[in-house]
Amino acid sequence: MQFKNIIGHENVKNRLIKSVNEGRISHAQLFLGPEGCGNLPMAIAYAQYISCQNKTTVDSCGECSSCVKYEKLIHPDLHFAFPVATSAGVKEKPVSVNYISQWREANMEQPYLSLTSWQAKIETGNKQLLISKNESESILKILSLKTYESEYKVMIIWHPERFNIASGNKLLKIIEEPPSKTLFILVAHDSEQIISTILSRTQLVKVGQIQVEDLQKELTKKYGIEPSIAHKIALQSDGNFINAQKLIEHSELDEEFHELFKTWMRSTFKANVPELIIWSEEIAKTSFGREKQKQFLKYGLHLFRESLIKNYGNSEMERVADNGVKFLTNFAPYIHGANCIEIIELFDNAFYHIERNANPKILFLDLSLKLTKLLRVEAPAEAE
Ligand SMILES: [Zn+2]
């Protein structure tokens, strides 16, 4: 990981680089910042910079033998400790080294790793991820070995919030007085959850949220999004790159669902059965998938509810994407007190049966035909 691949935080990068070049590398540091801010890649970039054989005043070279190993997270002097639990593959006393290949993979796929996606990656179910006493012992053992290739041995501890008193206490001495040329980097989101004895032994490097302009630039560059939309997403995502990515994926899906829904409703209003059959075949395709079918039903429900809200009061429609507003203005009058309950039940039912492996082609056609009837029900007088 090079500094140039981390979004924003130029001040932090400059300060870190300067400290290395002035020989001020403190042996225990806490890279603190909220989820999705990039404090983990920042810690890795910092360690890579220290170890690089050909560094410049702005970044590591990315090409020397140290950098090549760092890019794959396989440098023999780079170590990680992170929260784990037992899983199908690791039945007892789980420690980070058991999961190192998943860790590398997860970081390659998403350097802005979240604890939630890490948990999914190692398939530990709902078990609480922890840094245990066994982990602390493993850290001590690793750090007692001599360095292989670099001047420094680096131990990056991700989510030190997950130490308990016993596991944390085992490391106090070594964090306070590490063997020479040993560097601890703790990467955390919430300093209040770190046991105080560890916290007080570290020097703070505050990473913080990604600035809106920096995030906007990255989204425009990486996803080719219009600057104005990128700006909106950057604002909504609280300086969290993971949130921003989710928002983008969501809006793309919204677009697809919106088109699909529009076509569907048009055929339904016309009661055009041949069109509805084609439409049902389309959505029943296996390439569409059951999960997506479920999401689409949720999307439909959401639009029906918004239509009701529009008809009976709040006309702001803040919760609908831009493309949906015009459509809803025309569509909403058809959803009212005389049919809404049945429509919602219909969708809830469809959702229930999709989850239980009903044939989607029959299910969506049946749903369409029932809707054809329900949308023709006249609105009660008071809603006119
Ligand atoms: Zn290098």
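**Helix packing and sheet order in a predicted model**

Helices H11 and H12 are roughly antiparallel to each other, because their axes cross at roughly 155° and angles over 145° count as roughly antiparallel. The model is a predicted one. H11 covers residues 241-270, and H12 covers residues 273-284. The two axes come within 9 Å. H11 passes H12 in a left-handed crossing. On the H11 side, the contact is made by Leu260, Thr263, Trp264, Ser267 and Thr268. H12 contributes Glu275, Leu276, Trp279 and Ile283. Sorted by class, this contact of H11 with H12 holds five nonpolar residues, three polar residues and one charged residue.

H12 also packs on helix H16, which spans residues 360-374. Here the angle is about 140°, and the axes lie 8 Å apart. H12 and H16 are therefore oblique to each other. The crossing of H12 past H16 is right-handed. From H12, the residues that meet H16 are Leu276, Ile277, Trp279, Ser280, Glu281, Ile283 and Ala284. Their counterparts in H16 are Pro360, Lys361, Phe364, Leu365 and Ser368. By class, eight nonpolar, two polar and two charged residues make up the contact of H12 with H16. Leu276, Trp279 and Ile283 of H12 take part in the contact with H11 and also in the contact with H16.

H11 has a further packing partner in helix H10, residues 227-236. The angle between H10 and H11 is about 130°, and their axes are 9 Å apart. H10 is therefore oblique to H11. H10 and H11 cross in the right-handed sense. Ile233, Ala234 and Gln236 of H10 form one side of the contact. Ala244, Leu247 and Ile248 of H11 form the other. The class count for H10 with H11 is five nonpolar residues, one polar residue and no charged residues.

At the level of domains, the protein is divided into three parts: domain 1 (3-208), domain 2 (211-239) and domain 3 (248-383). The C-alpha centres of domain 2 and domain 3 lie 31 Å apart.

The model also contains an open sheet of five strands. The strand order is E2-E3-E4-E1-E5, and the pairing is parallel. Strand E2 (78-81) and strand E5 (203-206) stand at the edges. Each has a single partner strand, so one side of each is left without a neighbour in the sheet. From one strand to the next, the twist averages 20°. E2 pairs with strand E3, residues 153-158, in the parallel sense. Four bridges join E2 and E3. Within this part of the sheet, Leu78 stands opposite Val154 in E3.

How values were computed: Residues are numbered from 1 along each chain as its sequence is written. This is a predicted model: local features need pLDDT of at least 70, side-chain atom pairs count only at pLDDT 80 or more; totals for chains, interfaces and linings use all residues. Domain bounds come from an automatic or database domain assignment. Axes are lines fitted to C-alpha atoms, for helices over the stretch in contact, and angles run from 0 to 180 degrees between N-to-C directions. Helices (H or I, at least four residues) and strands (E, at least two) are DSSP runs, numbered from the N terminus. Angles under 35 degrees count as roughly parallel, over 145 as roughly antiparallel, 65 to 115 as roughly perpendicular and the rest as oblique. A crossing is left-handed if the near helix is turned anticlockwise from the far one by less than a right angle, and right-handed if clockwise. Two residues are in contact if their C-beta atoms, placed from the backbone, lie within 7 Å. Ala, Val, Leu, Ile, Met, Phe, Trp, Tyr, Cys and Pro count as nonpolar, Asp, Glu, Lys and Arg as charged, and the others, Gly among them, as polar. Two strands pair if DSSP finds at least two bridges between them.
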